[in-house]
Amino acid sequence: MKILLLGANGQIGWELQRSLAPLGQIKNCDRHTLDIGNFETLRRCMRDYRPEIIVNAAAYTAVDKAESERVKASLVNSEAVAVLADETKKLNAFLIHFSTDYVFDGKKLNAYLEIDKTNPQSVYGKTKLQGEEAIKKSECNHLIFRTSWIYAARGVNFAKTIIKLAKEQDELKVVDDQFGVPTSAELVADITALCLNQIAQENILISNVSGTYHLTPSGKTSWYGFAQYVISESIRNGASFLAQPENIIPISTSDFPTPARRPSNSQLNTQKFRDTFKLSLPPWQNHVKRLIVEIH
């Protein structure tokens, strides 16, 4: 199969380069080789290459900056996605797109289902939801994977930031009233490849699985719990820090104001995904351990 990968140098995109490579001919594009904000260039690339699968890992992910850069966020997360979906439909191809827990307001007490009402509270969340809606409106065959709290050994993310700060400061304050599931870019990439392989090998009708799915590991934690686990595991792997686990102080969201509002509950129910693709999702701690070994 011919695959077009967009956002190839991002956290998820970098892992997708590896996981998708065995599935066929792959064209990797990053922002330096393809400006998805240039719609004419984007359309020409798709029409010239004529991929069977388009995997869109490109996104504007600077959550706080998006509050003051609405136009940039909308261009990448919404308008470019609409072009992708339109061209996917014209090519009779298949689009895989990654979305976010930020499409919800976080007020639900338990894990969100795919059918729950969306109510994004930030520019980032609103533009990502607009991207989802554009894909559905196009009626192209697609998989939208909503995920949360992405981290990887590559790029900027919470886990790496905590490790850096713990080496520089003797005390860290971390929010303990926002709950979700840390999700490894490696896991997302591997699951994406497994789903594509399953569709190809088992001759599953794409139209039968087309839709939105929640994709995170199992379990839950807070940002504080995530930080505690990252530092404790790092110490077990021989790392040394100024800030020990007992020096990580839990605080409330109100003690740490940010330009963009975060969902207080980011848990995503993955039952639909597991029932459809018959794949198990490991505890979130598993891939954090892999990250720590890779970093240290």
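**Close-up views of the predicted model**

**View 1. Helix 2 beside helix 3.** In this predicted model, helix 2 (residues 39-49) and helix 3 (residues 70-91) have axes that come within 10 Å and cross at roughly 30 degrees. Axes here are lines fitted to C-alpha atoms, for helices over the stretch in contact, with angles running from 0 to 180 degrees between N-to-C directions. Helices (H or I, at least four residues) and strands (E, at least two) are DSSP runs, numbered from the N terminus. Helix 2 and helix 3 therefore count as roughly parallel to each other (angles under 35 degrees; over 145 is roughly antiparallel, 65 to 115 roughly perpendicular, and the rest oblique).

Local features need pLDDT of at least 70 and side-chain atom pairs count only at pLDDT 80 or more, while totals for chains, interfaces and linings use all residues.

**View 2. The residues between helix 2 and helix 3.** From helix 2, Phe39, Leu42, Arg43, Met46 and Arg47 take part, and among their partners in helix 3 are Leu75, Ala80, Val83, Asp86, Glu87 and Lys90. Contact means heavy atoms within 4.5 Å. Sorted by class, this contact has eight nonpolar, one polar and six charged residues. Ala, Val, Leu, Ile, Met, Phe, Trp, Tyr, Cys and Pro count as nonpolar, Asp, Glu, Lys and Arg as charged, and the others, Gly among them, as polar.

View 3. Lys90 pairs with Glu87, and their closest N and O atoms are 3.9 Å apart. A salt bridge is a side-chain nitrogen of Lys or Arg within 4 Å of a carboxyl oxygen of Asp or Glu, and by this rule the count comes to 15. Both residues lie in helix 3, three residues apart, about one turn of the helix. Is Glu87 buried or exposed? With 1% relative accessibility, Glu87 is buried, while Lys90, at 54%, is exposed. Buried means under 20% relative accessible area, exposed over 50%, and partly exposed in between (1.4 Å probe, protein chains only).

View 4. In helix 4 (residues 123-138), Glu132 and Lys136 are four residues apart, about one helical turn, and their closest N and O atoms are 4.0 Å apart in a salt bridge. Glu132 is buried at 0% relative accessibility, whereas Lys136 is partly exposed at 41%. In helix 5 (residues 158-168), Lys164 and Glu168 are also four residues apart, and their side chains meet at 2.9 Å, N to O. Salt bridges that share partners join Arg43, Arg47, Asp86, Glu87 and Lys90 into one network.

**View 5. Asn157 in its loop.** Asn157 is found between strand 6 (150-151) and helix 5, and is buried at 5% relative accessibility. Leaving out residues up to four places away in sequence, Asn157 touches Gln11, Ile150, Tyr151 and Ala152. Gln11 is 146 residues away along the chain, with 9.1 Å between the C-alpha atoms.

Technical notes
Residues numbered from 1 in each chain as written. Heavy atoms only, no water.
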